[in-house]
Amino acid sequence: MGTLTKYTIKNVHGRRVWDSRGRPTVEVDVTLRYGAMGRAIAPAGESTGSGEAVERRDGGKNFGGYDVQGALAAINTEIHIALKGKDVRDQEEIDRLLRELDGTANKSRLGGNALIATSMAVLHAAAAAEKIPLWQYLGPLLGHSDGSVLPLPEIQILGGGAHAAGRVDIQDFMVIPVGASSFSEALNWTAEVYRAARNLLSDTGRLYGVADEGGFWPAFKSNEEGLDVLICAIEKSGRTPGQDIAISLDIAASVFGSKRRYKLARDNQEMDSDGLCGLLVDWVERYPIVSVEDPLGEDDLDGLIRFTWAVGKRVQVVGDDFFVTNADRLNAAVKMSACNAILVNPNQAGTLSETKAAFDASQKAGYGAIISARSGETEDATIVHLGVGWGVNQLKVGSFSRSERMVKWNEGLRIAESLHETSGGILPLDGNLPPRNAFPWN
Ligand code: PGA
Ligand code: ZN
């Protein structure tokens, strides 16, 4: 063991805590030699991509098979032993160690949940040792010199798909306050839209409650009704659709389709890849939509290429389940012009270094990037710090209710305040997004 410093790992401890769906999840404390401590919690997806780092769950009867005692045992024995004495500033080296210790391609032995919570806790410990906030620690360290920008929020208003028992097929009906001039203004506008949507739905008997990410769980007769409600809510909030606030969709098409066949239960339609592609292009033409995530299934490469070809010049086409935050997948897709933006999800990659590699690959390719939470979340706000520190220019954490969501928006506000966010504090729209006046309905 080398010299002991304030950066030397003394202890790695995992414990079971609970996520926003009431399921067990993994929390890790990394304690350093002179007392600094970093803590992080693994989130969990529901509409997961098949190429994601695999969570380690115990199976069996306890808590529906979701318990994480195996992952915790791995942290408290193998991972603790491997990391003890290491310098927390060597994030890449630590992440490499974790990968090698796991030894599988999909991180299933120790568990992607054990690995990402450890990897993030290591980073938190490094910032704690320096006594500075995480975003600030990341800025200079990772070469993003201008840390003074806040990402543009993408906020869910209506929740569907796997997060609302398929009540509406499309998973996320979201808004992006493209005309806001600061992070806090973007949230002010969002609060009004969220309130307007609630009133609109409850006044018309279409409100069931909220879905997993806090968006309203609607009783709709068709998927398109969701788009009309968004437009109406934006207008009722006093904003102009498209100009102030645009629409963004996460289709999460892998949930209702595979092998290029799609079944939209709400619209009572079964369609092939061209059919779904055509439906979405039609929506893009008729509504102020600036971003579409996973428009086709993760196995429908042809469809993704075709959709990107059709609308990619004016709309952000985001790969989530398709990329699973993997640099190799991103690089392969770039060659084929499939999608033009990536959803960056640390727990899909399994370590922070791999997450950063996927983000870096997107920037090199000129792709857009959105750092994102999962549908199963906690009070952990690490991704907000990663977004600011790395310079990821969009942030998606779910809706505008439920504390596991609000903790992240609120953390963004605190960071904005400490940066004395200026008028230029919010990043300009991604190059892939259309200029505001490009919409025919304006
Ligand atoms: P998930 O949903 O966390 O259930 O995968 C989020 C998303 O699809 O973007
Ligand atoms: Zn998604």
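User: Which backbone nitrogen does the side chain of Asn113 reach?

Analyst: That of Arg56, at 2.9 Å. Keep in mind that this is a predicted model, in which local features need pLDDT of at least 70 and side-chain atom pairs count only at pLDDT 80 or more, while totals for chains, interfaces and linings use all residues. Residues are numbered from 1 along each chain as its sequence is written, chains are lettered from A and ligands numbered from 1 in the order in which they are written, and side-chain values use heavy atoms, with hydrogens and water left out.

User: What makes the Asn113 side chain and the backbone nitrogen of Arg56 a polar contact?

Analyst: A polar contact is a pair of N or O atoms within 3.5 Å; within protein, one must be able to donate a hydrogen and the other to accept it, and residues adjacent in sequence count only if both atoms are side-chain atoms. The Asn113 pair sits at 2.9 Å, so it falls within the 3.5 Å limit.

User: Why is Asn113 called buried?

Analyst: Buried means under 20% relative accessible area, exposed over 50%, and partly exposed in between (1.4 Å probe, protein chains only). Asn113 has 4% relative accessibility, so it counts as buried. Asn113 is in helix α3, where a helix is a DSSP run of H or I with at least four residues, a strand is a run of E with at least two, and both are numbered from the N terminus. Among the residues that Asn113 touches are Val26, Val54 and Ala71, contact being heavy atoms within 4.5 Å.

User: How do you know which residues hold the zinc ion (ligand 2)?

Analyst: Donors are N, O and S atoms within 2.8 Å of the metal (3.2 Å for Na, K and Ca); water is not among the atoms, so sites may look incomplete. Asp250 (OD), Glu293 (OE) and Asp320 (OD) coordinate the zinc ion at 2.1 to 2.2 Å. Asp250 lies in strand β8 (residues 246-250) and Asp320 in the loop between β13 (316-319) and α9 (327-336), so this pair ties together parts 70 residues apart in sequence. Asp250 and Asp320 are both buried.

User: How much area do domain 1 and domain 2 bury between them?

Analyst: About 2500 Å², 52% of it on carbon and sulfur atoms. Buried area is the accessible area (1.4 Å probe) that two parts lose on being put together, summed over both. Ser20, Pro43 and Ser47 supply 23% of what domain 1 buries against domain 2, more than any other three residues. The domains are 9-131 and 152-438, with bounds from an automatic or database domain assignment. Across their interface the rule finds 4 salt bridges.

Terms used. Salt bridge = Lys/Arg side-chain N within 4 Å of Asp/Glu carboxyl O. Lists of a residue's contacts leave out its neighbours within four places in sequence.
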